[in-house]
Structure formats: structure tokens, C-alpha cells
Amino acid sequence: MNDAGHQIVSEAVTEAEWFDAIVLGAGISGLVSASLLVRQGCRRVLIVDDYDHIGGNHIDWTSGGYTFDIGSLIFQDDSPLLDHFPELLPLYVPIDPQWARLNPQGMITTYPISVRDDIFGTGLVEIVRIFASVLYARLFQRDMRNARDFARYWIGAYLLHRSGLQSYMKRFYGIATDGIDIDLARKRMLWISEHASLRNLLSRVLKPTQQGRRNRQMARPREGFRFLYRAAAERLEKAGAEFHLAAEMRTIHKVQDQFHLQLKERIVASGRIISTIPIHRAEQLCGIESGQKLDTITLIGLYFSFAGDRGFRQSIIYNFSHEGAWKRLTMYSDFYGQADGREYFTAEVIGNHIGGSIPRAERDFRDHVHANGLFRGDLRLEGSCILENAYPIYSQGAAQRAAEAIGRLRAFGLESLGRQGGFNYQPTARASTVEAEAALRETQAS
Ligand SMILES: Cc1cc2nc3c(=O)[nH]c(=O)nc-3n(C[C@H](O)[C@H](O)[C@H](O)COP(=O)(O)OP(=O)(O)OC[C@H]3O[C@@H](n4cnc5c(N)ncnc54)[C@H](O)[C@@H]3O)c2cc1C
């Protein structure tokens, strides 16, 4: 480092404000990390985010009487997140959502697969083809190198295509199924092997599962996520945590055993930084960029209002048909009530398949639902948003590259975790909570 560089660092040493720990990112992983640090005895914790709100990628958008989320965000009353922030529970709206899927034959049917509509209702010839294909896969396609091989082994190539599962997987993961990492397939698609294994099938028939207490499903309050997570922030603030939002993080310097984080208007220091922001962003801050950006899904949220016959009664529909770039739609008016006599919903479109263009996404959605007889009536686009880094693309080798990048951050001194910081597809806030708890427990033990 040159003389000028030394000067900057020594100024930083004198000006820096000390914290017991600094958490980058105020999403679920950041909030849970801060809660754990406080429980572990940290008196001053700073939570920093370039976003101007708490909650990370839990983002809603309200216009007039309509209120939308970027994705379909549903929570449960037995989530471990509530052990950290019990004040959230009374703020949620209890709901009773039903899920379904649009299959390639244009039917709205059971999600993720319907034994009646996708197998036994297809006619004798199709049933024979389905079972012959499963038998062939179990005997001759046992070698599993990617997600397609995994799914094909369990349900056979014919049903994989016919049910639309293969098209959905491609849409969801952003790449063809034979390019998806086998480890991810084993982890995330466990339900396929569970449902399709003969042993499990038999044990379900012989020993029907006992119905225990079912958890209650909940949506965020109508007032939005800022309102919801304000309650969590207040608990943390009372325990000594501080939030710095819209922070404009610039650099992280190592000064002996300390880290100095340069923000737009101040310098903060700590012996410990936990990062829950995208890995490449943390690498930039530390000046250890490898030039290898991990691929992620860009999600487009199309916010529609509607009057007419929507063509289904369930609140959440997954697109398993072979066409259409949209992945899922969620009818928010089922949860919060109609506005001006109109229903409203978000359609999630995978931006990677549609050149990141909102007009193309809208046209594609309209054409596809029209072709399938859905939303007959007045469909109006009220707004839209683009969310980058929505979730990881697990192409072959991506998990290895992510582990190496996390290792480089760790060698620098940063603990990187969460959906962004761990490059980890966390489907629920529950998973984010459990994984943050495990990561911080591990570092405390070591
Ligand atoms: C579309 C969608 C639908 C979901 N549905 C559900 C659901 O129904 N129920 C449920 O429980 N969970 C759901 N989840 C999962 C849940 O949202 C995650 O478990 C949780 O948000 C992960 O939190 P996190 O703090 O690890 O990461 P995030 O909230 O993703 O991000 C953490 C931080 O990283 C930084 N960051 C993120 N993106 C960027 C960017 N593009 N540029 C710069 N900085 C960035 C920000 O500082 C942010 O605060 C859904 C997620 C998505 C994306």
C-alpha cells in the first residue's frame, strides 16, 4: 500500500466507531444473526444495509387499494423465526391458501402431481406408457449425474415430460434440467423420491400418517413488510442493536485484528463481520474479487388487477405447462379482499427467459393465460418490478465455486451466510432462520 493509502487507514483508525459485531444485510438472515449475537452477549451490534428498508428481499408494492409482493410469501405460526421475534405473530394475516398447477394439457390440477389427472385419468394406453417408462428408468437409467437423471429415475422420462415437471424445473432453475447439479436435485427434490419409492408408497397405504397439529398459514400484514419488520427491529434496538439503512457501503479494510467498514457518512469498526449480502458484493467491498460472478435468477413481478372469470379457485398456481415464462401466480385479493371490485395478483416471471424485459414478460403472460382459458375478462397491469439475485442458479460446478468464494471471504475474516451470503436456495424464512442459527452456533463452538 502506498503512503496515501496508509494515511487513509490511520485516519480510519481514529474515526471509526466501535461495535461488538457488524451484520451486513437486514433480511431474515441478518435479523436472525443479530438476534443470536445479542443472545450470545454482544452489547453493540450494527446492522447495515444498502437497501432503505428492513426485511431484505421481502418487498411489497402498494398502489391505491392493491397490495402485492414480489413473490408468494407465506409464513407459518410454528416458524423458529417467531422464537426470535414473537411480536411478528399477531401482525400476520391468517390465511387458508390452496395450491394448484396448470399442467401441459391445460388443466388446473393438484400440485405438484395429480395421481388421478396425470396418471390414472389419462387412458389405458397412456397408463401403460407411463409405467413402462418408470420400469425402464429403474432398470436401465440408474446412473444419476444431474437433476433430469434424478427425476427420470424416480418417475420415468414419459411422466416427467407429460406432467410438465421437466418444463417447470427448467423454468424455475433457469437452465435445462440436464445442467442442474445432482446434489441440489437430491436436496431440493426429495419429495419426488419420497412419493415415488415403492417402500414409502406401501408404508403410506399400510400405516396412514397420524394427523398431528397442522401449522397455520399466514400472509404479511396488509400494511406491508416495513410495518411487519419494524416490530422485530424494535426488539433488537432495545437489546442494543442499531440499524444503518441506505448505507452505501464502500470498502472493508482490515486493520490489525479489526475490520473497518467505510460507509457514505461514517466509518464503523468491529472484530467480527457477518455478511448476508450477495457474495460478489462482499468480495467487492473487501477488494478480493475473483472476477467469477455466480449466476442468479432475475425475477420480474407483474402486478395485475382483474375483473371477470379467472378460471380457477385456488390462490396459488404454478405453471407446469411447456410454454410461458411465468412460474407462479398468487392471488393477493384472496388474502386481503378485493379493491374497487377487482381481484389482484402477482405473476412471477423468470427474467432470464425473457431478456429481462417487462413488456415481453407481460405479452408472454397475457398470450399464455389466454391460450389456456384463464383470466377471461379485464386484465390490467398495475405495476411491476425487477428483482436481481432472487435465488441461485445451480448449474454444474456452481456449488463448488460458491464454496470457494465463501472460503476466500472467510480467509479475509468475514462469515458469509444466508440466501445471498451462502448462495443457498432457502425456500422459506424458516430455512433461513435454521441455517443462520446453525452457522452461528458452529462459529461459537469453534
Ligand atoms: C420470490 C420469492 C418467494 C419466496 N416465498 C417465500 C414464502 O412464501 N415463504 C417464505 O417463508 N419464504 C419465501 N421466500 C424465501 C425467503 O424470502 C428467504 O428465506 C429469505 O428472504 C432470505 O433472506 P436473506 O436475508 O438470507 O436474503 P435476502 O433477503 O435475499 O437478502 C439479504 C440482503 O442481501 C442484499 N441484497 C439482496 N439482493 C441484492 C441485490 N440484488 N443487490 C444488492 N444487494 C442485495 C440486501 O442487503 C438484503 O438485505 C421467498 C423468496 C423469494 C425470492
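Biologist: Which residues does Ile-22 touch, leaving aside those up to four places away in sequence?

Modeller: In this predicted model, Ile-22 touches Leu-46, Val-48, Leu-261, Val-268, Ala-269, Ser-270, Arg-272, Ile-273 and Ile-274, with residues up to four places away in sequence not counted.

Biologist: What is the general idea behind such a set of neighbours, and which residues of the largest nonpolar core touch the most other members?

Modeller: In soluble globular proteins, nonpolar side chains tend to be buried together. Here the largest nonpolar core holds 73 residues, and those that touch the most other members are Ile-22, Leu-24, Val-48, Met-189, Ile-252, Leu-261 and Leu-414. Helix H6, which spans residues 147-162, supplies the largest share of this core, namely 8 residues. There is also a second, separate core of 36 residues, and among its members are Ala-21, Cys-42, Leu-82 and Tyr-92.

Biologist: Where is Lys-170 placed, and how does its accessibility count?

Modeller: Lys-170 belongs to helix H7, residues 165-173, and because its relative accessibility is 44%, Lys-170 counts as partly exposed. Beyond residues up to four places away in sequence, Lys-170 touches Ile-175, Ala-176, Thr-177 and His-353. The C-alpha atoms of Lys-170 and Ile-28, which are 142 residues apart along the chain, are separated by 27 Å.

Biologist: How many helices and strands does the protein have, and how does its radius of gyration relate to the globule rule?

Modeller: The secondary structure comprises 17 helices and 21 strands. The radius of gyration is 24 Å, close to the 22 Å that the globule rule gives for 446 residues, so the protein is as compact as a globular protein of that length. Taken along the principal axes, the C-alpha atoms fill a box of roughly 80 × 55 × 45 Å. Buried residues make up 53% of the 446 residues, and of the contacts with a separation of 6 or more, 73% join residues 24 or more positions apart.

Biologist: What can be said of the surface and of the charged side chains?

Modeller: The accessible surface comes to about 20700 Å², with 51% belonging to carbon and sulfur atoms. The protein carries 52 positive and 51 negative side chains, and the centres of these two sets lie 7 Å apart.

How values were computed
Residues numbered from 1 in each chain as written. Predicted model: local features only at pLDDT ≥ 70, side-chain atom pairs only at ≥ 80, totals over all residues. Heavy atoms only, no water. Core = buried A, V, L, I, M, F, W, Y, C linked by side-chain atoms within 4.5 Å. Buried < 20%, exposed > 50% of the residue type's maximum accessible area, 1.4 Å probe, protein only. Helix = DSSP H or I, 4+ residues; strand = E, 2+ residues; numbered from the N terminus. Contact = heavy atoms within 4.5 Å. Rg over C-alpha atoms; globule rule 2.2 N^0.38 Å. Areas by Shrake-Rupley, 256 points an atom, 1.4 Å probe, with all protein chains shown as cover. Lys, Arg positive; Asp, Glu negative; His and termini not counted. Charge placed at Lys NZ, Arg CZ, Asp CG, Glu CD.
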